[in-house]
Amino acid sequence: MRVLVLHSGGMDSTTCLYQAKVDGHDVVSLGIDYGQRLKVEMLFAEKQCSAQGIPREVVSISWKKPIRSIPEDREIARMRKSVSPAFLPGRNTLFLSIACAHAAGVGAEKVLIGLNCVEFSGYPDCTEEFFNAYKSMALIANPTGPSIEAPLLRLSKREIATQARKLGISKTDTWSCYQPQIDNGNVVPCTRCDACVLHDHAWGGIE
């Protein structure tokens with residue numbers, strides 16, 4: 001089966017990508033360039049695809065995104081209480097629509113997305129309710145279109161990191177930071193944004 005994976009270069013989507021490859025599927029990585037600040041994540045995605053021999057395709061869109069503030073030094077408990085100021089309205093709806101349309105062009109029968117809602121469901125478009133509603137809409141829009149799956153939806157961050165480790169992915173093989181920093185000419189995570197805090201939480205005790 002040909003499978004298209006929405007692949008950002010972060011831990012969740014990369015775990016989906018590697019697992020699909022291990023499962024024996026004909027895998028295609030799809031990146032979306034929407035003018036995000038995190039260009040470094042695209043480089044990680046390309047490196048991951050190269051290592052696995054997976055073809056990588058990128059769709060570029062022009063989008064006047066709202067400017068979001070990036071919270072820093074927040075504790076895990078605080079993240080669970082409300083929607084993050086970094087939430088970008090409509091992003092996953094847009095990404096899934098592009099992926100389903102692109103799947104027709106590459107002949108993919110399935111689209112995978114690394115949504116996760118168990119521990120940190122503060123993003124409305126990462127919830128099970130959103131995902132099920134989107135699948136219902138997509139089936140109406142294109143009855144013969146690809147199936148859509150979110151294989152990590154009900155896993156905790158620690159469980160995802162454990163699965164990633166079994167697939168040969170290490171903590172530093174993926175990129176999640178919202179605010180890349182330059183240190184002695186190298187791009188490094190800020191260690192302070194929510195994404196960095198969650199990444200450390202996910203990998204804690206595994207490596």
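Analyst: Strands β1 and β2 pair in the parallel sense over 5 bridges, where two strands pair if DSSP finds at least two bridges between them. Helices (H or I, at least four residues) and strands (E, at least two) are DSSP runs, numbered from the N terminus. The model is predicted, so local features need pLDDT of at least 70 and side-chain atom pairs count only at pLDDT 80 or more, while totals for chains, interfaces and linings use all residues. Residues are numbered from 1 along each chain as its sequence is written, and side-chain values use heavy atoms, with hydrogens and water left out.

The open sheet has 5 strands in the order β3-β2-β1-β4-β5, with parallel pairing. Its edge strands, each pairing on one side only, are β3 (56–60) and β5 (147–149). From one strand to the next, the twist averages 25°. In general, strands of a sheet pair through backbone hydrogen bonds, either parallel or antiparallel.

Strand β2 is mostly covered, with 6 of its 8 residues buried. Buried means under 20% relative accessible area, exposed over 50%, and partly exposed in between (1.4 Å probe, protein chains only). Helix α2 lies across β2 (26–33) and β3, and runs at about 155° to β3. Axes are lines fitted to C-alpha atoms, for helices over the stretch in contact, and angles run from 0 to 180 degrees between N-to-C directions.

Glu41 counts as buried because its relative accessibility is 11%. Leaving aside residues up to four places away in sequence, Glu41 touches Ser8, Gly9, Gln36 and Trp175, contact meaning heavy atoms within 4.5 Å. Glu41 and Ser8 are 33 residues apart along the chain, and their C-alpha atoms are separated by 6.3 Å.

Helix α2 (residues 39–52) also packs with helix α1 (residues 11–22), at an angle of about 10° and with the axes 11 Å apart. That angle makes α1 roughly parallel to α2; angles under 35 degrees count as roughly parallel, over 145 as roughly antiparallel, 65 to 115 as roughly perpendicular and the rest as oblique. The α1 and α2 crossing is right-handed. A crossing is left-handed if the near helix is turned anticlockwise from the far one by less than a right angle, and right-handed if clockwise. From α1, Thr14, Leu17, Tyr18 and Lys21 meet Gln48, Cys49 and Gln52 of α2. By class, this contact of α1 with α2 has 3 nonpolar, 3 polar and 1 charged residues. Ala, Val, Leu, Ile, Met, Phe, Trp, Tyr, Cys and Pro count as nonpolar, Asp, Glu, Lys and Arg as charged, and the others, Gly among them, as polar.

Helix α1 has a contact with helix α6 (residues 157–166) as well: their axes come within 10 Å and cross at roughly 40°. That makes α1 oblique to α6, and the crossing of α1 and α6 is left-handed. Met11, Asp12, Thr15 and Gln19 of α1 make this contact with Lys157, Ile160, Ala161, Gln163 and Ala164 of α6. The contact of α1 with α6 has 4 nonpolar, 3 polar and 2 charged residues.
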